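Please look over the sequence and the structure first.

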Amino acid sequence: MSDQEPTPQVKETPPGVTLLNRREFMTLLLGGGATMVLAATLANPLDTFARQILDNPAREAHDGDPNYKWIMIIDLSKCIGCDYCVWACQATNDTTDAMRWNIRVEDQTQLGVKFHLTRPCLHCAHAPCVEVCPVGATYHRRDGLVVMDYDKCIGCRYCQTACPYNARAFNWSERTDVNPRAPEWGTPEVERRPRGVPEKCTFCIHRIDAGLAAGLMPGVDEQATPACVNVCPVNARFFGNVNDPNSTVARILRTKPTLRLREDLGTEPSVYYIPPEGLL
Amino acid sequence: MNATAHPMTSPAVPAAPQRRGVSARFILWLMLLIAMLTVGAISFVYVMIHGLGVTNLTDELPWGLWITVDLSSIALGAGAFTLSAAVYIFRMRQYEAIARAAVLVGFLGYSSAMLALFIDIGRFDRFYHPIIYWNVHSVLWEITMCVVLYLTVLLIELFPVLVESTPLKKIGVLVSFSHLLHRLMPIVAVVGMGLSLLHQSSLGATYGILTARPFWYSPSAPVLFILSAVAGGAALTLLVTLLSGKLLGREQAPPNIITGVARLVGFACLAYLYLKLWSWLATNYYSYVPEQQIGAETLAQYTPYNFTFWFGEVLFGALIPAVFMLWGRLRSNRNALMLACLMIIAGLVINRWNMTLSGFVIPLDWSPGVGDIFPINTYEPALVEWGVAIGIVAYSWLAFTLAVRFLNIYPESRPVGAAPVVVEHLSASEPGHHG
């Protein structure tokens, strides 16, 4: 430690300018640079390695089939705002009114024509929620779907902050309620999520995975198709594998003009909308 | 000002821990802190039992007071890396007089932040997950790792102090370990500086990288965060040094050290203001980005954002205190110096609050229609949120009080009578004054 009493000092330079000499400065600079380069080089292999040894083995079983790419098309010119898709989703995925995965809003075009917009999770290819999650609890399956590992999540809510579409609902409290839409609109098919984690639409992966395993085709066979798509009374929702050029969704994308929400953000959503008249 | 010696001042041994009789004022202070801690503990347990549903946070505005506490305490702990760097990297050995205090403040800041984060995450039982599950692309992961590592650095820097002034010094192994650590300190300081430069800025990036929210999205956010942390961290270290000295009737650090830190704070404030000015000019004045403009109008209309930004953050938070810090006549007045430190700290906390709230208050608009269908989001912390925040603040104040009392935090501290009261013109080299 320093001396008790500052010794009388005659200084040519004011105190505190004994900076690094050139060699030390260069060492520091090069050392710092080398560390950064090393970190940048190692980041990805390390991450892959960490994933391999630490990943939840149960996840592998539900990691999706890379041969498929699931998309949803919602025809806003058909939608009548009946809320059936909202309620069927609530019954099937067991959500409260405050935590809906699939919501409806009413908006209008430039000409003042009202239209209904329903919004599930958009399953973005460049999903901000996936990019910001500190523990990788939200991730892309091999079929492109954005899903949650509820056992990994720490509940920091950065995904909610980053999502441009408000597509996530947080479990602020322990659930003790009775499902508000069952059994009229379906029965819960998935486990309730615990307190302290956010949740979101999965495109009903439990149906997709079980359906594919049983030889059914999601988007064609109801059992393998998301509840919101099945229930729509005006057939405004379509679901399917866009990798298959003969699928309904691929055909619609080829033949009709569609838009995606906030395309300017580059998130590349998997949900396409057929606009109502006067919107494009 | 410094002439108001503490009534309990006794001819204490200068370098010894500043232990003396217990005054009524000290007891009152402790009782206040313990009351605050109790409120905090009750709130903490209440949230742990009932979950985050008892807060006023919502899906649209999921971060609030606790994130502000967390961001502020990390920024205010930044004095540790600034002064460690000064002492161990830039060889300004004389700043050792205040470096220990800076490290202590840093440790308390970072541990406070950890407490705030612990209660803020929905699954506190999984607080260790970022360490074993890596998402290297996440700026929050990088922050978590840096903060954990940096807390370790601070512990290493604090360990010798702890051993030196407690009964631990009787344990030979600890003493030699502490000596080893002390020898390694330059390396530890470099590591600490690297970690600080990373996470202090990435805390700003937490908001700055979010393209979905144009009001936040900004390349200047990370740099503004670290500049304000350099100013705020050193300002807090300076404030507690001056304040504890005033209350104890001591000169905690030589006057030239106080002057040096004050000037650092002043220049950091100016650098911050320069970048902040250009950041504002580029995004709000010279350009027209509709969402940015609409966002600013929304904030001006529904929140005190404009007032708090210009007066809280800019004028009283940085500009006026910078004048205080850099104008010799004002700087030599200890009360003015403390006031300036307080203004900077308040400005920083207001800035972190504004940063957090602004991006959330402005609603996201993801519908392709033109209707104004998304409501403005509002937030006022719930009582229980205030309770937790009060508890965390009390923790750091209590720990600091006890540390100054029982540990050798200011190695060059001496009774006021033994040191000159006048602190003018110090930069022009002050010869030794007493003895």
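The model is predicted.

**Helix pairs in chain B**

Two packed helices are described by the angle between their axes and the distance between the axes.

| Helix pair | Residues | Angle between axes | Distance between axes |
|---|---|---|---|
| α3(B) and α4(B) | 79–89 and 96–120 | about 150° | 7 Å |
| α8(B) and α13(B) | 221–248 and 334–361 | roughly 140° | within 9 Å |

How do α3(B) and α4(B) run relative to each other? Angles over 145 degrees count as roughly antiparallel, and the angle here is about 150°, so α3(B) is roughly antiparallel to α4(B). The crossing of α3(B) over α4(B) is left-handed. On the α3(B) side, the contact is made by B:Gly79, B:Ala80, B:Leu83, B:Ser84 and B:Val87. The residues they meet in α4(B) include B:Glu96, B:Ile98, B:Ala99 and B:Val103. By class, this contact of α3(B) with α4(B) has eight nonpolar residues, three polar and one charged.

B:Val103 belongs to helix α4 of chain B. Is B:Val103 buried or exposed? B:Val103 has 28 other C-beta atoms within 10 Å and is therefore buried. Apart from neighbours within four places in sequence, B:Val103 is in contact with B:Ala80 and B:Ser84, and also with B:Leu154, B:Glu157 and B:Leu158. B:Ala80 and B:Ser84 are among the α3(B) residues of the helix contact. B:Val103 and B:Ile156 are separated by 53 residues in sequence, and their C-alpha atoms are 10.0 Å apart in space.

The second pair is α8(B) with α13(B). With axes crossing at roughly 140°, these two helices are oblique to each other. Their crossing is left-handed. Among the α8(B) residues in the contact are B:Ala231, B:Ala235, B:Leu236, B:Leu238 and B:Leu239. On the α13(B) side, the contact includes B:Arg334, B:Cys341, B:Ile344 and B:Asn351. The contact of α8(B) with α13(B) divides into 14 nonpolar, three polar and one charged residues.

**The nonpolar core**

How many residues does the largest nonpolar core have? This core has 187 residues. Those with the most contacts inside the core are B:Ile98, B:Ala231, B:Ala235, B:Leu238, B:Val265, B:Cys341 and B:Ile344. B:Ile98 takes part in the contact of α3(B) with α4(B), while B:Ala231, B:Ala235, B:Leu238, B:Cys341 and B:Ile344 take part in that of α8(B) with α13(B). Leaving out neighbours within four places in sequence, B:Cys341 is in contact with B:Ala235, B:Leu236, B:Leu238 and B:Leu239.

**Backbone details in chain A**

Most residues other than glycine have a negative phi, and most peptide bonds are trans. Chain A holds some exceptions.

The peptide bond from A:Ala182 to A:Pro183 is cis, and its omega is near 5°. A:Pro183 sits in the loop between β6 (169–170) and β7 (198–199) of chain A.

A:Phe203 is not a glycine, yet its phi is positive, at about 60°. A:Phe203 is placed in the loop between β7 and α6 (205–213) of chain A. A:Phe203 counts as buried because it has 28 C-beta neighbours inside 10 Å.

A:Arg262, also not a glycine, has a positive phi of about 50°. A:Arg262 lies in the loop between α8 (248–255) and β9 (271–274) of chain A. With 19 other C-beta atoms within 10 Å, A:Arg262 is partly exposed.

Conventions: Residues are numbered from 1 along each chain as its sequence is written. Chains are lettered from A and ligands numbered from 1 in the order in which they are written. This is a predicted model: local features need pLDDT of at least 70, side-chain atom pairs count only at pLDDT 80 or more; totals for chains, interfaces and linings use all residues. Axes are lines fitted to C-alpha atoms, for helices over the stretch in contact, and angles run from 0 to 180 degrees between N-to-C directions. Helices (H or I, at least four residues) and strands (E, at least two) are DSSP runs, numbered from the N terminus. Angles under 35 degrees count as roughly parallel, over 145 as roughly antiparallel, 65 to 115 as roughly perpendicular and the rest as oblique. A crossing is left-handed if the near helix is turned anticlockwise from the far one by less than a right angle, and right-handed if clockwise. Two residues are in contact if their C-beta atoms, placed from the backbone, lie within 7 Å. Ala, Val, Leu, Ile, Met, Phe, Trp, Tyr, Cys and Pro count as nonpolar, Asp, Glu, Lys and Arg as charged, and the others, Gly among them, as polar. A residue is buried if 20 or more other C-beta atoms lie within 10 Å of its own, exposed if 12 or fewer, and partly exposed in between; C-beta atoms are placed from the backbone. A nonpolar core is a set of buried Ala, Val, Leu, Ile, Met, Phe, Trp, Tyr and Cys residues joined through C-beta atoms within 7 Å.
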